[in-house]
Amino acid sequence: MTTTAAAGVRPGTSRPLAGTGTLLRFALRRDRVMIPVWVAVNALMVLSMPGTLKGLYGTAAERADLVRQMKTNSSLRAMVGPLFDDGLGALTAWRVGVYAAALAAVTGLLVVVRHTRDEEESGRQEVVASGMVGRRASLTAALLAAGAANAALALVVTAGLAGLGAAGAVAFGLGVAGVGMLFATMAAIAAQLTESARLARGLTAGVLGGAFVLRAAGDSATADGSSVPTWLSPLGWLENLRPFAGERWWVLGLLAGAAVAQGAVAFMLAGRRDLGMSFLPTRPGPAAGRLATAGALAWRLQRGAVAGWSAGFLLAGLVYGGMTEGAADLVGDNEQARGIIERMGGQAAITDAFMSAMIGMLGLVAALYVVSSVLRLSGEETSGRAEPVLAGAVGRLRWAAGHLVVAFGGAALVLLLGGTGFAAGHGRDAGAILGACLVQVPAVWVVGGVAVLLHGLLPRAAGAAWAVAGAVLLLGWVGPALDVPQAVLDVSPFGHLPKLPGGEMDWPPVLVLLLIAGALVTVGLAGLRRRDMST
């Protein structure tokens, strides 16, 4: 498994970084849409928050009262973290810091895996390595591309928040970018250890989910971010950097040191394996029995992802359900905060509106799952693994149907489990909560249908489904806070769903969304049936 020379590299290529500049330019060209979109979405989320918070907590008394409430409300600390100061900059870092860092982490891991293990899995890296390219050039280019994305994010965020305090803006921008690079180098290690790009992404995303859970558990225990679980999480490090609240600059050293150490491990592993191989090779499975059908194979390939998303939704539901009773205390008499929650969750009582808003968030995140699961079709096709399956007695529609059942059925499953956790955390109204979660399914399926449509008709543009999911997420989360017109919010399929629990069930829009999802899938499958594969 490990050798002294990477397969495919010419014997005369003794420089391990030869060709890095060319590969970096190629990576940035390939990501000329994806990186700007992810950076823009993250930056917009951050930079839109000061104006919103200024409207919500316009007086010093309101901000001081919020600080006091956060010290006693452990459930809300678990969701967004502790609040260290009543300044507008500190409120911004408190409200979006964890989520901006998580989004930067996702960007970093996607970029690194795409330009390392994805390239090896598709066979393109073997062609590249046949030239005068060093054995560590691809990994270096991938990390530099991730670094460019995080540097751009840090610059935009710092410039946008500089008016709230230059030191705090610099600390916040560098902290978010530092978390992004930490998970980028972690993904680089996963890409060396695993033989599958899907598994490399899944492992890194699993660590990110674990970091969020640790931070939530630690923040619920203490109001100052000093608990051990918080310090075990990189997301907790960003909190303890305390932007705009007496910056702890030495915390940036933790982020930088961890990223450098992980990068060194990734480079060491890259030099000790053959191209296309891994230190944890995929275990061969049976060729018959449970894998005798295309559907069974699709389930075998995606069951790990389904299990991971299911566990995450169950845990998120428990957290959201447990914090529901504290929603009314947080909003208090603040009419603007109440208005935002009502725009997200409907005009019912504040507790019901808050539950509806949080369940809507679960639906928005489920849209990311369905896109990732549907695009597994693209991965199987471009890597060449679909060809042996289709060479037998399995037709294209039957092959695709196996993956789509897992994608669309899995979306319903994770939402059902999220509702189960929500009901368990809340302690009552289980039937209403489960019904509200299942109402999200048609909108999630519409987003999945867009992914099927793109894969079937425009396979090279199938990745644009991520942009669609990101836009839907941005509209659903940031739109109500920015008082975006309802006509814009209605662009998202989630804008047409009834606000449950608390509101009235409205069947026509739900049925229309189901019909739209069905039509998108039908047209996408028709395109898949007619076009050439891997084109």
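Figure 1. Residues 24 or more positions apart account for 77% of the contacts in the protein chain that have a separation of 6 or more. Keep in mind that this is a predicted model. The secondary structure comes to 26 helices and zero strands. Of the 535 residues in the protein chain, 52% are buried.

**Figure 2. The largest nonpolar core.** This core has 141 residues. Those with the most contacts inside it are Phe 172, Met 358, Val 370, Val 374, Trp 399, Leu 404 and Phe 494. Helix α6, which spans residues 88-115, gives the most to this core, with 18 residues.

**Figure 3. A closer look at Phe 172.** You have already met Phe 172 among the residues with the most contacts inside the largest nonpolar core. Who are its partners once neighbours within four places in sequence are left aside? Phe 172 is then in contact with Val 46, Ala 93, Val 96, Gly 97, Val 157, Leu 161, Pro 243 and Phe 244.

**Figure 4. Helices α15 and α21 side by side.** Two packed helices are described by the angle between their axes and the distance between the axes. Here, helix α15 (residues 294-323) and helix α21 (residues 396-426) pack at an angle of about 20°, and their axes are 7 Å apart. Angles under 35 degrees count as roughly parallel, so α15 and α21 are roughly parallel to each other. The residues of their contact divide into 18 nonpolar, 13 polar and one charged. The crossing of α15 past α21 is right-handed.

**Figure 5. Helices α23 and α24, running in roughly opposite directions.** Helix α23 (residues 441-457) and helix α24 (residues 464-477) have axes that come within 9 Å and cross at roughly 160°. That angle makes α23 roughly antiparallel to α24. From α23, the contact is made by Val 447, Val 450, Ala 451 and Leu 454; from α24, Ala 464, Ala 465, Val 468, Ala 469 and Val 472 take part. By class, this contact has nine nonpolar, no polar and no charged residues. As α23 passes α24, the crossing is right-handed.

**Figure 6. Arg 136 in its loop.** Arg 136 lies in the loop between α8 (124-129) and α9 (137-161). Is Arg 136 buried, partly exposed or exposed? With a relative accessible area of 23%, Arg 136 is partly exposed. Leaving aside neighbours within four places in sequence, Arg 136 is in contact with Pro 16, Leu 17, Phe 267 and Gly 271. Look for Ala 270 too: Arg 136 and Ala 270 are 134 residues apart along the chain, yet their C-alpha atoms are separated by 6.5 Å.

Definitions and conventions. Residues numbered from 1 in each chain as written. Predicted model: local features only at pLDDT ≥ 70, side-chain atom pairs only at ≥ 80, totals over all residues. Heavy atoms only, no water. Axes fitted to C-alpha atoms, helices over the stretch in contact; angles between N-to-C directions. Helix = DSSP H or I, 4+ residues; strand = E, 2+ residues; numbered from the N terminus. Parallel < 35°, antiparallel > 145°, perpendicular 65-115°, else oblique. Left-handed = near helix turned anticlockwise from the far one by under 90°. Nonpolar A, V, L, I, M, F, W, Y, C, P; charged D, E, K, R; others polar. Core = buried A, V, L, I, M, F, W, Y, C linked by side-chain atoms within 4.5 Å. Buried < 20%, exposed > 50% of the residue type's maximum accessible area, 1.4 Å probe, protein only. Contact = heavy atoms within 4.5 Å.
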